Amino acid sequence: MFKVSLRKRYYIEEYGKLKTFIYSFACSFIFISALLLLYGKNPFLAFYYIGLSNVSSVFAFSEIFVRATPLLLVSLGTVVAFRARFWNLAGDAQFYVGALVATVIGLARLHWPIHPVLCLIFGGLAGSVIGVFAATLKTKLKVDEVVVTLMLNFIIFYFLSLLLQTIMRNPNTNWPESEYIRTTALLPVLLSKTRFHLGIIIAFAFVPFMDFLLNKTLFGKEIIAIGLNPKAAKLNKIDVKKNLIKVGFLSGFLCGIAGAIEILGVHHHLTTNISANYGIYGIIISTASMLSVYGAALLSILFSFLINGSTSLARFMQIPSFVADVISSFVLIAVAIFSVFEKYKLVIEWKK
């Protein structure tokens, strides 16, 4: 007779997280291959098309980083929040608010380079307002931040839709979209005949900064302590409420500046579909990276590679484009499953 049980590990290996990451993606690769086989497609040919479409030209290769920029900033914002166990799920709300404020300022008459700088700063601050609002409700009124942040995504989205249908509607086209922002507010393109703009450099510059802030400073150590045990952190004279407000501010700022960069560097006007589920992808990337800053950067590039490649996959192999969403969702499920084995080990015993 077999007896299967989970036993808690009292010592977690140094490379436990790396092993979890490898096992999760190996399992995801097998699942993706099986999914493609169900469609009657050759999985190796599918991966070939995904890779080829991303390196077929300079423009295609640069698009990896164009797509990775909002993914990276939103996932970094989620990493900050999740380290403190502040479940900020309002990535899309903060992204849209940042884009909205950047658009409003971008339509004003200002001079370059102060114009894009103001758009970025106030776009980030607009996103931080959402984060601070959710953190305040959690710390002051004990309101569940999961419910609040989830609902904020819908509230902000429909509020934005209302604005674009009314006072912000483009008078030239009469479409539910804003007017194009002024050229003085645009982020300069760094590579001709591509969309590789200055905002990409700004976004990736946040990676070493956030790594230093979260791993080398007192603030970073305090939010980890809060995430592990808020009561113990409070006993050690850590101001839990104040730090959670800071976490909400920083998390929202990163998501808000992501929206501002998308407006200034890519779309140049506001629509309701500028976010390709970046809030959801931010949760997936931050969780799959095990809340690692550099891990989130690498996964942002990887997911951008998959998302961009899925378009060519749909065209060349007649596969639905939503396969990319299925793949990313399964990665999150695989990470959640294998994360259990960081703290517990599977024991199979034979009893006569």
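The model is predicted.

**Stop 1: the Glu-63 and Arg-195 pair**

Select Glu-63 and Arg-195. Their side chains form a salt bridge, with the closest N and O atoms 2.6 Å apart. The pair links distant parts of the chain, 132 residues apart. Glu-63 sits in helix H3, residues 58-83. Arg-195 sits in the loop between helix H6 (145-165) and H7. Arg-195 has 33% and counts as partly exposed.

**Stop 2: the Glu-145 and Lys-138 pair**

How many salt bridges does the count come to? The answer is two. For the other pair, select Glu-145 and Lys-138. Their side chains meet in a salt bridge at 3.2 Å, N to O. Side chains of opposite charge can pair when their charged atoms come close. Glu-145 is buried, at 4% relative accessible area. Lys-138 is partly exposed, at 23%. The cut-off for buried is under 20%, so Lys-138 at 23% does not count as buried.

**Stop 3: the nonpolar surface patch**

Select Leu-110, Ile-114, Val-117, Ile-121, Phe-122, Leu-125 and Phe-249. Together they form a nonpolar patch on the surface, with about 540 Å² of accessible area. Color the selection by helix. Which helix gives the largest share of the patch? Helix H5, residues 114-141, supplies five residues. Then click on Phe-249. Phe-249 is partly exposed, at 37% relative accessibility.

**Stop 4: the positive surface patch**

Stay with helix H10 and move to Lys-241. Helix H10 spans residues 240-267, and Lys-241 is in it. How accessible is Lys-241? Its relative accessible area is 41%, which means partly exposed.

**Stop 5**

Select Cys-119 and Cys-255. Are they buried or exposed? Cys-119 has 0% relative accessibility, so it counts as buried. Cys-255 has 1% and also counts as buried. Do not look for a disulfide here. The structure holds zero disulfides.

**Stop 6**

Select Leu-198 and Leu-264. They are 66 residues apart along the chain, and their C-alpha atoms are separated by 9.6 Å. Leu-198 lies in helix H7, which spans residues 198-215. Leu-198 is partly exposed, with a relative accessible area of 30%.

Next, select Thr-311 and Ile-50. What separates their C-alpha atoms? The distance is 8.4 Å, while the two residues are 261 apart along the chain. Thr-311 is in helix H12, residues 293-317. At 48% relative accessible area, Thr-311 is partly exposed. The cut-off for exposed is over 50%, so Thr-311 at 48% stays in the partly exposed class.

**Stop 7: backbone details**

Switch to a backbone view and select Trp-112 and Pro-113. Is the peptide bond between them cis or trans? The bond is cis, with omega near 10°. Pro-113 is in the loop between helix H4 (91-106) and H5.

Move on to His-268. This residue is not a glycine, yet its phi is positive, at about 65°. His-268 is in the loop between H10 and helix H11 (278-288).

End at Met-290. Here too phi is positive in a residue other than glycine, with a value near 60°. Where is Met-290? Met-290 is in the loop between H11 and H12. Met-290 has 16% relative accessibility, so it counts as buried.

Note on methods: Residues numbered from 1 in each chain as written. Predicted model: local features only at pLDDT ≥ 70, side-chain atom pairs only at ≥ 80, totals over all residues. Heavy atoms only, no water. Disulfide = S-S within 2.5 Å. Buried < 20%, exposed > 50% of the residue type's maximum accessible area, 1.4 Å probe, protein only. Helix = DSSP H or I, 4+ residues; strand = E, 2+ residues; numbered from the N terminus. Patch = residues over 30% accessible without salt bridge, like charges linked within 9 Å, V, L, I, M, F, W, Y side chains within 5 Å. Areas by Shrake-Rupley, 256 points an atom, 1.4 Å probe, with all protein chains shown as cover. Salt bridge = Lys/Arg side-chain N within 4 Å of Asp/Glu carboxyl O.
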